[in-house]
Amino acid sequence: MPDAALEFRDVSFSRRGVRILDRFSLAVGAGEVIALVGRSGAGKSTLLKLVNRLLVPQSGTVHVEQRDTRDWDPIRLRRRTGYVLQDVGLFPHMTVAANVAIVPRLEKWPDDRAHRRAVELLDLVGLRADAFADRWPDELSGGQRQRVGVARALAIDPPLLLMDEPFGALDPMTRAELHAEFRRIQSAVRKTVVIVTHDMGEAFALADRVGVLDDGRLVVCDVPAALAKSTDGRVRRLLDAVLSLRGGDA
Amino acid sequence: MSRLIGFWATHIDELMRLIAQHVLLVAASTAIACAIAIPLGIFAARRPALASPLTVAANIVQTIPSLAMFGFLLPVPLLGGVGPRAALVVLILYGLLPILRTTIAGLRSIDRSIVEAADAMGMTAGERLRLVELPLALPSIIAGVRVAAVVGVGSATIAAAIGAGGLGEYIYRGLSMVDTTVILAGAVPAAILALMVDGLLLALERGLSRRRRDRPVLAAAATLMLALILAATARAARPGEGAIVVGSKNFTEQLILGELLAQAIERAGLPVERRLNLGGTLICDRATLTGDIDAYVEYTGTALTAVFHRGVDNDSARVFDAVRQEYARTGRTLLPGLGFNNTFAILVRAADARARGLRTIDDAARESPRWRAGFGYEFMERPDGYPGLAKTYDLRFPQTPRVMDLTLSYRALASGQVDLIAGDSTAGLIKGLDLVQLEDTRHYFPPYDAAVVARAETLHRYPALRSAVEVLSGRVSTDDMRAMNYAADVEHRDIRSIAAAFLARTR
């Protein structure tokens, strides 16, 4: 992909002698939603941390907007990259509004502008600002916390959004609701999105393309319809888990 | 109880000044300990290799008894010596550990995922510390500050031993006078102070950890309270600028002499700061060298042996001269003696003395084959103690003298359990128990003539000082000193008024 928003080129990464990524390559186009599926411990979180330079590859390169992450100022890069963490990681000593407005605050926005933005984003993720802005994170349900996490990641309108098992810890109902919300938000904001998940169903529900990660390598990456017809054993195993849950009507 | 309240009522100005000094000492030392320990804790929290040796070092400091710490610091230039500065150093050292420990613990207890989120949001290390880590660790840090401050209120009472003032002054004064009321006069406000500091900082800690919307208000209120207390005490504790600092050692007679000296100087219209009750001869001596105190009363025999490390000499004039020269060499002036000699006194019951016509120790030697003697531990061992005395006067007691506590020996003599003891010549109990001192006609005991030692520089700077002090020269007899000690030790009268009454008579 000549003008990819994000590209992994032959990236290898190991930790304590264990190879997590092995010559991993992938290009993501601007505005594309890509989901990477793999078992727990398959190196999915590591992939995301390589994008915003919380980690750097031991060999190969990662390019954001055609620029090697090593050449980015890490602080600039991270502020331009929305990140929804696996366990949300809201700051417990800040109100919901303050959590959402944290990156604008780091960017030295005037207070009133940051606050307006927080209100706008809370509306976008379906939380009424007048009811939620002044609440504390521990007063929220899991689903509400996830929404705040998404709002925080979008605060300064970053072109790139990384989501690490964003809806993993939620009950199926809330999850389905948030999937719909995500599609609605994405149609409004059009970000380049990388989602990592262990759940093929979630990947199918959210992504334009789905990649399957196995043993540190990208086995396949294709649109859901094509992937569904795959005969690869590693892909089938993940697919069958979803099909059995849905009663086989995918 | 009513005595205690009475004491406070008559000493209200002094009490307020001591409380103010106490609060200021604790506040300043805790603040400085924070300024050192919190940054150090932040630095160490992320470096485990550094954190444990630091904590161990702080732990070791904590186990040194505070009096020993003052002793170690005494000869250290800049940090040590006598006065508030040295006390501040010791209190800071004690405050470091709790604050250091809770800072490290507070930072380490922060959830990994929250730190990771801060990094992922693109915070610099400084922003992460300021916006996330410190606010989350703050309740823990405040808890450490609270421990440091409360421990500080307790430790600060010991600061009085090196003349740093504070409520410990009453405690030490009470201890040396064996007067429970005076001890309580210092101990009770110190305890209340500790409870208040604890409560206030606990409120601050709670206010910070409760994460309510009114939290800034609560924290601001507590901070304002602390600031107000500090401002008030800073005003009250301000020492007299350019005052002459009068010191004393830590027993009743020295407190009286210090007060006498201070009041005599005040009568001449010169400003005086009292730094009484210092923890011993060597502390007073060093303080006059460094200028921490300007004058105090010393005994010639003590100066000769303990300060200048010279051999015992029995001639009063020779000793005075030798000591005066030694002082002159070290920038100090020994003023003419006050008029009494606080030496060992061989004591018998006044009734016996009258009945048998006893006046000198030679007279007692005649009676010794029929008598029992009782001596303090120290007197039995000292080179100028019992063995030499027995030889000089040919004392022949049928049994070896009974060894007993010095204070108890007075009572043992009065109640007839022993017939002769060696006490202090100026002890108030001599008067109180109707005892008589036998004259040392053979000059066996070295002289301990009381005289004022003053810094030469101070005498030079205040020309009126010398004559003000010399008002006392030759005017305080052994009987006078006994009477004043009696008034303080036995009648529990206030030292200031004892000194004032004496000065009024000598005019």
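Author: Let us begin with a single residue. The model is a predicted one. In it, A:R105 belongs to helix 4 (residues 102-106) of chain A.

Reader: Is A:R105 buried, exposed or partly exposed?

Author: The idea is to count the C-beta atoms around a residue; a residue with 20 or more others within 10 Å is buried, and one with 12 or fewer is exposed. A:R105 has 17 C-beta neighbours inside 10 Å, and therefore counts as partly exposed. Its C-alpha atom is 9.6 Å from that of A:H115, a residue 10 places away in sequence.

Reader: With which residues is A:L21 in contact, leaving aside its neighbours within four places in sequence?

Author: The contacts of A:L21 are A:V11, A:S12, A:F13, A:G43, A:T46, A:L47 and A:G216.

Reader: How should I read a sheet, and in what order do the strands of the open sheet in chain A stand?

Author: In chain A, 6 strands form an open sheet with the order 6-7-8-3-9-10, and the pairing is mixed. The edges are strand 6 and strand 10 (217-222) of chain A; each has a single partner strand, so one side of each lacks a neighbour in the sheet. From one strand to the next, the twist averages 15°.

Reader: What are the pairings of strand 7 of chain A?

Author: Strand 7 of chain A pairs with strand 6 (residues 81-84) of chain A in the parallel sense, over 4 bridges. Strand 7 of chain A also runs parallel to strand 8 (residues 192-197) of chain A, and 5 bridges join these two. Individual bridges can be followed by residue. A:L160 is the bridge partner of A:T81, and A:L162 is that of A:Y83. In strand 8 of chain A, A:V194 is the bridge partner of A:L162.

Reader: How many residues of strand 7 of chain A are buried?

Author: For a strand, one examines both faces. In strand 7 (residues 160-164) of chain A, 5 of the 5 residues are buried, so this strand is largely enclosed by the rest of the structure. A:L160, A:L162 and A:D164 are buried on one side, and A:L161 and A:M163 are buried on the other.

Reader: Which helix lies across strand 7 of chain A?

Author: Helix 1 (residues 44-51) of chain A lies across strand 7 of chain A, as well as across strand 3 (33-37), strand 6, strand 8 and strand 9 (209-214) of chain A. Helix 1 of chain A runs at about 155° to strand 8 of chain A.

Reader: What should I note about chain B as a whole?

Author: Chain B has 24 helices and 10 strands. Of its 507 residues, 45% are buried. Among contacts in chain B between residues at least 6 apart in sequence, 77% join residues at least 24 apart.

Reader: How is the packing of two helices described?

Author: Two packed helices are described by the angle between their axes and the distance between those axes. In chain B, helix 4 (residues 66-73) and helix 5 (residues 84-108) pack at an angle of about 125°, their axes 10 Å apart. That angle makes helix 4 of chain B oblique to helix 5 of chain B. The crossing of these two helices is right-handed. Helix 4 of chain B contributes B:S66, B:M69, B:F70 and B:L73 to the contact, and helix 5 of chain B contributes B:A86, B:V89, B:V90 and B:L93. By class, this contact between helix 4 and helix 5 of chain B has 7 nonpolar, 1 polar and no charged residues.

Reader: How many residues of chain B are in contact with chain A?

Author: In an interface, one lists the residues, then the elements that supply them. Here 16 residues of chain B are in contact with 16 residues of chain A. On the side of chain B that touches chain A, helix 6 (112-120) and helix 7 (125-155) of chain B each supply at least two residues. Helix 6 of chain B gives the largest share of that side, 6 residues. The residues of the side of chain B that touches chain A comprise 8 nonpolar, 3 polar and 5 charged.

Conventions: Residues numbered from 1 in each chain as written. Chains lettered and ligands numbered in written order. Predicted model: local features only at pLDDT ≥ 70, side-chain atom pairs only at ≥ 80, totals over all residues. Axes fitted to C-alpha atoms, helices over the stretch in contact; angles between N-to-C directions. Parallel < 35°, antiparallel > 145°, perpendicular 65-115°, else oblique. Left-handed = near helix turned anticlockwise from the far one by under 90°. Contact = placed C-beta atoms within 7 Å. Nonpolar A, V, L, I, M, F, W, Y, C, P; charged D, E, K, R; others polar. Pairing = 2+ DSSP bridges.
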